[in-house]
Amino acid sequence: MNKTIVYSLVAVAGIMLAIITFTIQDFNKTTEPDIVKKDGVIYVDGQIPPQLSDLFPDQEDGPHQKYVDEKSCLKCHNQEMTIPGMGLVSKISHEFRSDCVSCHLLPSKAI
Ligand code: HEC
Ligand code: HEC
């Protein structure tokens, strides 16, 4: 048999194997985070969600004081930006998850 044909077949088989492996991996990947509660601490995929800091201690209903909905949080956290007088706002570091304050506890819910 022609050497080129043999090499091509090996290459094609390799590519197929890579595609199959990749597809199986994708199916096994869960999009739901693994949430564990232990001793009152929430762990999400092994990480502790940072608690909300009191952005405006002198204000009753500041952006971190009261939860309205995801959209109101993402007004600031959809992108990294600097708000004058407030500082750096970090971009949400994970995929969209609903009910933000189920993990990021409000300052009033301090543990
Ligand atoms: C007006 C803009 C604004 C809104 C709205 C806002 N944040 Fe923030 N957020 C900030 C700023 C500024 C910081 C950085 C605070 C610091 O560095 O001390 C921050 C920090 C954080 C942090 C890191 C921990 C911390 O507090 O330092 C998390 C988590 C967070 N915000 C989640 C949320 C959630 C959830 C909501 C909705 C309830 C929300 N943010 C609404 C401006 C905002
Ligand atoms: C299932 C729990 C969970 C939910 C719900 C959740 N988060 Fe988070 N969040 C985490 C964890 C854990 C981290 C820290 C590890 C990481 O970056 O993934 C984090 C990190 C962040 C950070 C980065 C904080 C920093 O200091 O850099 C921001 C901003 C943030 N989340 C905003 C939000 C917003 C806004 C929502 C709602 C739309 C939300 N989160 C919903 C668990 C959650």
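These are my notebook entries on the fold of the chain and the surroundings of its ligand.

**Conventions.** I worked from a predicted model, in which local features need pLDDT of at least 70 and side-chain atom pairs count only at pLDDT 80 or more, while totals for chains, interfaces and linings use all residues. Residues are numbered from 1 along each chain as its sequence is written, and chains are lettered from A and ligands numbered from 1 in the order in which they are written.

**Fold.** I found two helices and four strands in the chain, taken as DSSP runs (H or I of at least four residues for helices, E of at least two for strands) and numbered from the N terminus. Their order from the N terminus is α-β-β-α-β-β. The radius of gyration is 23 Å, well over the 13 Å of the globule rule for 111 residues, so the chain is more spread out than a compact globule. I took this radius over C-alpha atoms, the rule being 2.2 Å times the number of residues to the power 0.38.

**Extent.** The C-alpha trace spans about 85 × 40 × 20 Å along its principal axes.

**Ligand 1.** I looked up the shell and found 19 residues, the closest being S53, P63, C73, C76 and C100; a residue is near if its C-beta atom, placed from the backbone, lies within 6 Å. Both α2 (70-77) and β4 (87-89) supply at least two shell residues, and α2 gives the largest share, five residues. I recorded 12 nonpolar, six polar and one charged residues, counting Ala, Val, Leu, Ile, Met, Phe, Trp, Tyr, Cys and Pro as nonpolar, Asp, Glu, Lys and Arg as charged, and the others, Gly among them, as polar.
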